[in-house]
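The exercises below work through a two-chain structure, each with a task and a stepwise solution. Keep the sequence and the coordinates open while reading.

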Amino acid sequence: MQEDRFPGHKFLPYLLIAPSIAVIIVFLIGPFVQSIRESLFVSTPFGTKTIYVGLRNYVRLFSSPDYRSSVIATFKFSAFVIIGGLSISLAIAQLLNQKIKGVGFYQVALIWTYAISPTVAGVIWASMFAPATGLIPYIVSKLSGGYTLNWMTNGNIALFVVATAATWKMLGYNIIFFLAGLQNVPDEFLEAAQMDGAGSWKAFWRITFPMLSPTTSFLLFVNMLYAFFQVFGLIDIMTRGGPGNATELLVYKLYRDGFIHLNTGFASAQSLVIFLVISVVAIIQLRIVTQKAIYSR
Amino acid sequence: MSKMTRKTRHDIFIHAILILLVMVLAFPVYFALITSTLSFQESYQYPPKLIPGKQFMSNFQEVWDRINMGRLFFNSTFISIIVAIVKTILALLAAFAYTHFKFRGQGLLFSMCMITQMLPLPVRIVPTYQLMASFNWINSYYALTVPFFASTTGLLLFRQFYLTIPKDLPDAARVDGASPMRYFLQILVPISKTNIAALFVIEFIFMWSQYLWPLIVTTTAEMRVVQIGIKMLLASEQIAPEWNVVMAATVIVMLPPLVVLMLLRKSFVQGIAMQTSK
């Protein structure tokens with residue numbers, strides 16, 4: 001599809017991509033391949049000897065109740081962050097995408113959480129929920145007439161608080177992308193639908209939402225990466241996986257097994273399983289985007 | 001009722017909801033700001049205080065002394081700027097190659113760059129750490145920056161833009177006798193300003209937020225980054241956390257990425273809009 005703009009420079013393009021490719025091979029593909037290899041070994045404590053064990057790390061993984069509970073916690077957490085976060089952001093972006101005054105101000109006032117790091121989000125929400133003395137337990141106790149909210153002893157509440165903090169942090173990012181996507185939906189389409197007698201609710205689901213699907217699927221993927229990996233700091237600062245292992249998400253368990261218990265083979269097996277899950281989602285996302293591109297042509 | 005007043009009413013309703021949303025979204029940060037101005041006793045007052053106190057400077061001083069915040073702040077700023085700049089340069093070069101040249105293995109090499117987003121750090125963390133150890137990079141700025149240098153986001157951002165450039169532009173440059181690199185530096189890079197600014201925002205915030213990797217590859221207090229600093233403040237408490245001091249640190253840590261986002265907001269939003277429109 002593209003032509004050579006500077007014929008006769010055979011060597012130059014390789015030179016231009018060489019730095020990127022070098023970084024990718026040395027720091028990404030190399031370690032990833034090594035990760036596959038290591039998942040087939042166990043190392044003795046202090047890493048003095050490694051023993052080939054085949055798929056035993058994986059067998060151990062899938063038969064571990066701790067791992068199963070970590071998968072379930074990750075699933076609940078991600079579902080909350082992705083579905084909750086995306087719906088709220090889309091609703092806010094849709095509100096912003098109207099012809100009203102002060103859109104510039106609202107845009108700034110609603111996207112800034114993008115610049116907040118997960119760790120900062122975590123520590124602020126932890127302080128608001130601080131058991132016995134925090135603001136939210138105070139309000140809850142006042143409203144309910146004495147109920148003591150303690151998220152540090154209740155696993156379900158802990159997961160909820162952690163997920164709320166993570167969702168809050170991501171709203172800014174999601175709103176930016178949804179707003180950009182909404183602005184690409186041509187007005188004529190919506191006007192035509194309205195002339196055909198479709199209400200704005202119907203017009204949204206019939207026209208706006210399908211036309212947003214590249215943005216939505218992109219955000220789905222990014223939010224999943226976020227919920228799987230980038231929230232590590234948030235978990236470490238808020239709960240360290242507790243109470244019990246209620247908030248021990250996969251990435252946290254991986255860190256513990258790999259770097260606290262020094263169980264590198266076991267941790268590498270966990271890495272690979274997570275990789276397979278993201279690949280599947282990435283492929284689905286790519287399908288949606290390319291399908292859409294063909295359709296719009 | 002006239003149409004005009006109905007529109008006005010509708011607008012007032014929208015404004016009311018939006019203002020409410022702005023306040024709800026900002027409340028946690030407001031709460032952090034308030035807490036950072038309180039004394040330790042005030043921060044444990046019941047009911048919790050929602051109006052500012054007078055202790056910000058002393059809390060700030062406490063943070064500075066206790067975790068050597070000056071040093072951590074420098075580390076975070078340094079690695080964020082270095083990574084944002086190098087990533088931008090590598091992405092510009094690669095996008096130029098993929099959109100202006102035709103070469104053998106192009107498709108394969110492009111997919112190799114794309115694979116980056118499927119290999120986030122945690123799926124290769126143990127061997128990457130071992131690699132750092134074998135390079136003797138543990139506890140160095142190399143470990144904190146070099147493994148982050150490849151960027152799919154940047155490559156896609158620039159590629160998307162370069163594909164829309166009319167081919168007359170490079171052709172005219174060539175006819176005028178400009179070398180490819182001269183065309184790149186004098187024409188392509190300057191017209192990429194908006195995208196460069198957008199990428200800088202994305203990568204600066206990304207690096208500033210790093211937590212897991214710095215936690216693993218740094219071993220001494222002077223190589224820590226600000227995110228770990230917050231954790232150090234929390235963990236140093238035996239009994240109740242000193243929320244006032246922790247929040248003073250949090251406010252400091254929050255500022256730089258917010259400033260970067262606000263300063264470059266226009267370019268950032270434009271860059272994103274360019275990427276979403278196919």
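**Exercise 1. Describe the packing of α11(B) against α14(B), starting from the residues in contact.**

Step 1. On the α11(B) side the contact residues are V201(B), F204(B), I205(B) and W208(B), and on the α14(B) side they are P256(B), P257(B), V260(B) and L261(B). The model is a predicted one.

Step 2. Sorted by class, this contact holds eight nonpolar residues, with no polar and no charged ones.

Step 3. Helix α11 covers residues 193-208 of chain B and helix α14 covers residues 243-263 of chain B; their axes come within 10 Å and cross at roughly 175 degrees.

Step 4. Angles over 145 degrees count as roughly antiparallel. α11(B) and α14(B) are therefore roughly antiparallel to each other.

**Exercise 2. Which residues make the contact between α3(B) and α4(B), and at what angle do the axes cross?**

Step 1. The axes of helix α3 (residues 56-67) and helix α4 (residues 69-100), both of chain B, come within 6 Å and cross at roughly 80 degrees.

Step 2. An angle of 65 to 115 degrees counts as roughly perpendicular.

Step 3. From α3(B) come V63(B), W64(B) and I67(B), and from α4(B) come M69(B), G70(B) and L72(B).

Step 4. The class count for the contact of α3(B) with α4(B) is five nonpolar, one polar and no charged residues.

**Exercise 3. Is helix α13 of chain B largely enclosed or largely open? Identify what its buried residues pack against.**

Step 1. A residue is buried if 20 or more other C-beta atoms lie within 10 Å of its own. In α13(B), V226(B), Q227(B), I228(B), G229(B), I230(B), K231(B) and L233(B) are buried.

Step 2. Seven of the 10 residues of this helix (residues 226-235) are buried, so α13(B) is largely enclosed by the rest of the structure.

Step 3. The packing partners in chain A are α5 (118-128) and α11 (232-238). In chain B they are α3, α4, α12 (212-217) and α14.

**Exercise 4. Which residues touch the most other members of the largest nonpolar core, and which helix supplies the largest share of it?**

Step 1. The core has 152 residues, and V162(A), A166(A), I176(A), A94(B) and V201(B) touch the most other members.

Step 2. Helix α7 (residues 155-183) of chain A supplies the largest share of this core, 17 residues.

Step 3. Setting aside residues up to four places away in sequence, I176(A) touches I111(A), Y114(A), V269(B) and I272(B).

**Exercise 5. Summarise chain A and compare the UniProt annotation with the modelled helices.**

Step 1. Chain A has 13 helices and two strands. Its C-alpha trace spans about 80 × 70 × 30 Å along the principal axes.

Step 2. Of its 297 residues, 41% count as buried. Among contacts in chain A with a separation of 6 or more, 69% join residues 24 or more positions apart.

Step 3. An unreviewed UniProt entry lists residues 71-285 of chain A as "domain: ABC transmembrane type-1". Over that stretch the chain is 76% helix and 0% strand, with the end C-alpha atoms 22 Å apart.

Step 4. The feature "transmembrane region" in the unreviewed UniProt entry includes residues 157-182 and 203-229 of chain A. Residues 157-182 are 100% helix, and their end C-alpha atoms are 35 Å apart. Residues 203-229 are 96% helix, and their end C-alpha atoms are 36 Å apart.

Step 5. V277(A) is found in helix α13 (residues 264-296) of chain A. With 16 C-beta neighbours inside 10 Å, V277(A) counts as partly exposed.

Definitions and conventions
Residues numbered from 1 in each chain as written. Chains lettered and ligands numbered in written order. Predicted model: local features only at pLDDT ≥ 70, side-chain atom pairs only at ≥ 80, totals over all residues. Helix = DSSP H or I, 4+ residues; strand = E, 2+ residues; numbered from the N terminus. Buried ≥ 20, exposed ≤ 12 C-beta atoms within 10 Å, placed from the backbone. Contact = placed C-beta atoms within 7 Å. UniProt positions renumbered as here; feature names shortened; annotations may be inferred. Axes fitted to C-alpha atoms, helices over the stretch in contact; angles between N-to-C directions. Parallel < 35°, antiparallel > 145°, perpendicular 65-115°, else oblique. Nonpolar A, V, L, I, M, F, W, Y, C, P; charged D, E, K, R; others polar. Core = buried A, V, L, I, M, F, W, Y, C linked by C-beta atoms within 7 Å.
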